[in-house]
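Here is a short briefing on one protein chain. Start by looking over the sequence and the fold.

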Amino acid sequence: MQSSHAASAVSAAFDDTNLVAYAGLVPVMRLAERCGLARLTAEKVKLSGAKNGAGAAVDAKVTSIVAGMTAGADSIDDLDVLHHGAMPALFGGIGAPSTLGTFLRAFTHGHALQLHAVHRRFLAALATHTPLLPGSGEKAFIDVDSAHKRVYGWTQQGAEYGRFKGIRTLHPLLATICTPTSPPCGCVAAKQPTPAAPRNSSVRPWAPPRRPAAPAYASCGRTRSSTTPV
């Protein structure tokens, strides 16, 4: 058997309004609804004073971004995947990529902390609805590590010159939890200054929060291992 057309003459388009390429998002987003993702976002994330309506309907925007990332989007333009085919018939309140981009660009470090609060509570709720960390009642492992992530744009709030010469990066401290039978689950992300940040830097060094993550960890049904709890 041989192709009847040259490769340059063949193209594919997904434009049928009755087909869905990501039907698996239906149970995923229903689980997110049961665990209160939209409700927690509406309660905790407040973009007061944001321009161009960026602070409106934050719950719908965050859930749209989560759904898009679940479907494989890794850029703002990729979030248009939520509008393909019959996706709008399955989900309501889907934000356009330009709208979601405006929303994300309005975030400050303080708004990111609000989103962290949503994440902690959502993780605890998720553990009550799914076997998130099987076997954690007997043994759980906590891994704490730092990372360098390059940032783009004009503001670059919190970014510093550090490990990579001439490149401004964020230097978060990340924590994951896993068990002998489960993959790692991200549980905490905290901002810390880069090692080379000047002493007079406006970035505050990382310190344990007033209300440590241990209560959220305990509410997930976890027990502390011999390693230092997060």
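A crossing of two helices is right-handed if the near helix is turned clockwise from the far one by less than a right angle, and left-handed if anticlockwise. In this predicted model, α2 passes α6 in a crossing of the right-handed kind. The points below begin with the whole chain, then take up its helices and some single residues.

**The chain as a whole**

- The chain holds 7 helices and 5 strands.
- Read from the N terminus, the order of elements is α-α-α-α-α-α-β-β-β-β-β-α.
- The chain has 230 residues, and 32% of them count as buried.
- Among contacts with a separation of 6 or more, 61% join residues 24 or more positions apart.

**Helix α2 against helix α6**

- Two packed helices are described by the angle between their axes and the distance between the axes.
- Helix α2 spans residues 37-44, and helix α6 spans residues 109-129. They pack at an angle of about 145°. Their axes are 9 Å apart.
- On the α2 side, the contact uses Leu37, Leu40, Thr41 and Lys44. On the α6 side, it uses Gln114, Val118, Arg121 and Phe122.
- By class, the residues of this contact are 4 nonpolar, 2 polar and 2 charged.

- Thr41 sits in helix α2.
- Is Thr41 buried or exposed? Thr41 is buried, with a relative accessible area of 0%.
- Leaving out residues up to four places away in sequence, Thr41 touches Val58, Asp59, Val62 and Val118.

- Helix α1 covers residues 25-34. Its buried residues are Leu25, Met29, Leu31 and Ala32.
- Why do these residues lie on the same side of α1? They cover an arc of only 150° around the axis, which puts them on the same side.
- The other side of α1 carries Pro27, Arg30, Glu33 and Arg34, which are exposed.
- The cover over the buried residues of α1 includes α2, α3 (58-70), α4 (87-90) and α6.
- Gly36 follows α1 and has a positive phi, near 85°.

**Helix α1 against helix α3**

- α1 and α3 pack at an angle of about 140°. Their axes are 11 Å apart.
- The crossing of α1 past α3 is right-handed.
- Leu25, Val28 and Met29 of α1 make this contact with Thr63, Ala67 and Thr70 of α3.
- The contact of α1 with α3 has 4 nonpolar residues, 2 polar residues and no charged residues.
- Leu25 and Met29 are also among the buried residues of α1.

**Two residues in the loop between α2 and α3**

- Most residues other than glycine have a negative phi.
- Asn52 has a positive phi, near 60°. Asn52 lies in the loop between α2 and α3. With 73% relative accessibility, Asn52 counts as exposed.
- Ala57 also has a positive phi, near 50°. Ala57 is in the loop between α2 and α3. With 46% relative accessibility, Ala57 counts as partly exposed.

- In α5, the buried residues are Pro97, Leu100, Gly101 and Phe103.
- Seen down the axis of α5, these residues fall within an arc of 160°, so they line one face of the helix.
- The face turned away from the buried side of α5 carries the exposed residues Ser98 and Arg105.
- The cover over the buried residues of α5 includes α3.
- Leu104 belongs to α5, which runs over residues 97-105. At 37% relative accessibility, Leu104 counts as partly exposed.
- Leu104 touches Ile65 and Ile76, not counting residues up to four places away in sequence.
- How far apart in space are Leu104 and Ala54, which are 50 residues apart in sequence? They are 8.2 Å apart, C-alpha to C-alpha.

Methods. Residues are numbered from 1 along each chain as its sequence is written. This is a predicted model: local features need pLDDT of at least 70, side-chain atom pairs count only at pLDDT 80 or more; totals for chains, interfaces and linings use all residues. Side-chain values use heavy atoms; hydrogens and water are left out. Axes are lines fitted to C-alpha atoms, for helices over the stretch in contact, and angles run from 0 to 180 degrees between N-to-C directions. Helices (H or I, at least four residues) and strands (E, at least two) are DSSP runs, numbered from the N terminus. Contact means heavy atoms within 4.5 Å. Ala, Val, Leu, Ile, Met, Phe, Trp, Tyr, Cys and Pro count as nonpolar, Asp, Glu, Lys and Arg as charged, and the others, Gly among them, as polar. Buried means under 20% relative accessible area, exposed over 50%, partly exposed in between (1.4 Å probe, protein chains only). The arc is that of the directions from the helix axis to the C-beta atoms.
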